[in-house]
Amino acid sequence: MVKEAVKHLKPYIPELTLAQLKEKVGLKQLVRLSANENAFGTSPDVAKALDKWHYEDANLYPDSNAAELRSIIASQFDISEQQLIFGNGLDEIIELLCRVILKPGDEVLDPEPTFSEYALHSQIEGATLKSVALDESGRIDLNALANEITDKTSMIWLCNPNNPTGTFLGPNLIQSFLENVPETVTVIVDEAYIDFTGNAHDSVIGLTHQFRNLVVLRTFSKAYGLANFRVGFAVCSEPLIGYLQAVRLPYNLSTFAEIAATAAFKDQSFVQSTVKQVISERQKWEHFLIKAGLPFYDSATNFIFFQVKGGDADELHQYLLAHGYLLRNGLRQDWLRVTIGKPEDNQAVQSLIEEFLGS
Ligand SMILES: *Cc1c(COP(=O)(O)O)cnc(C)c1O
């Protein structure tokens with residue numbers, strides 16, 4: 001009745017809504033630091049732009065081409081408008097890439113651990129997934145990945161910075177890797193968190209001019225604070241971009257989503273202020289973890305992955321939840337991922353962890 005690959009899936013478990021979760025744990029106040037949402041909200045220009053929308057347009061289909069958003073993004077990144085494809089969140093682009101490229105028996109390489117959607121959609125297409133361990137510093141091991149390439153390899157996923165470890169590889173390392181990967185292998189660099197490195201030159205979008213097998217992914221859900229609006233995009237060159245456009249659902253981006261993303265993108269000062277606050281709070285988190293003796297990976301993102309030795313991670317997770325803070329567990333035994341929140345929430349969580357460790 002259904003294809004074999006689907007029978008064996010472990011589906012993505014989405015977050016409960018905040019309201020559902022509060023009811024479940026019986027709390028009035030709950031701060032979610034488990035989904036890497038932007039703790040600082042989104043640009044105030046988004047609300048202003050949406051207020052100008054006319055309800056009389058409700059019966060009309062949106063602009064399939066997302067022309068306004070396309071134009072400002074292309075000029076910002078110095079790429080042609082034809083190199084861009086938009087998705088209903090980056091999730092949809094990840095699905096689309098797998099749908100267009102993979103066939104049963106193809107091999108897909110990804111780091112371990114990384115964002116789980118790559119594995120899910122590769123498996124739905126019947127591809128064989130080979131996951132390659134990170135190096136000791138939690139970074140993606142490019143040499144180990146290169147060693148796994150065979151004539152069946154179709155796709156390689158590089159989440160950079162990597163979720164959940166937060167670790168980052170410089171663009172020069174990715175360029176050398178691309179120089180050694182056969183052109184028949186599509187290399188996808190997911191830059192969902194790249195804004196949080198604080199350096200605009202860290203992106204490999206520019207390399208799409210040079211490497212036709214490179215796809216770079218971006219989302220409005222993290223630094224731009226628009227997770228609810230579902231806007232992500234990919235940058236790549238012909239011929240792949242043409243095939244992706246042919247398979248994409250024609251109206252996958254609502255007018256609301258396009259208006260919100262356009263307003264957010266134009267307000268780069270909001271993004272810069274978010275990034276500045278995240279970097280400053282990230283440093284405080286690092287100092288705290290060092291002082292508390294909890295091992296962690298160097299993060300270039302709006303989250304930190306840290307270890308609670310001795311099997312206490314789940315207990316700490318429960319303790320924090322009971323005090324109104326939800327972190328992410330279950331990504332690796334003994335490890336928790338915390339999204340960098342507002343200063344007062346970070347401080348509260350750090351005090352709770354101190355209490356927990358001291359007791
Ligand atoms: C959050 C996240 C995404 C998904 O982004 P959406 O645009 O909200 O679908 C993609 N990749 C990584 C690594 C993420 O952490």
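Helices (H or I, at least four residues) and strands (E, at least two) are DSSP runs here, numbered from the N terminus. What you're looking at is a predicted model, where local features need pLDDT of at least 70 and side-chain atom pairs count only at pLDDT 80 or more, while totals for chains, interfaces and linings use all residues. Residues are numbered from 1 along each chain as its sequence is written, and side-chain values use heavy atoms, with hydrogens and water left out.

Let's start with T197. You'll find T197 in the loop that runs between strand 6 (186-190) and strand 7 (214-219). T197 has a relative accessible area of 17%, and buried means under 20% (1.4 Å probe, protein chains only), so T197 counts as buried. Setting aside neighbours within four places in sequence, T197 is in contact (heavy atoms within 4.5 Å) with P161, F168, D202, I279 and A300.

Now for the second largest pocket. A pocket is an open set of points on a 1 Å grid over the protein atoms alone, where a 1.4 Å probe fits, with protein on both sides within 12 Å along at least five of seven lines; lining residues have an atom within 4 Å of a point. This second largest pocket is lined by 17 residues, with Q76, D195, N199, A200 and Q268 lying nearest its centre. Helix 4 (67-77) and helix 11 (268-292) each supply at least two lining residues, and helix 11 gives the most, with four.

Where does the pocket sit? Domain 1 (4-41 + 269-358) and domain 2 (44-267) both give residues to its lining, so the second largest pocket lies between them; the domain bounds come from an automatic or database domain assignment.

Conventions:
Buried < 20%, exposed > 50% of the residue type's maximum accessible area, 1.4 Å probe, protein only.
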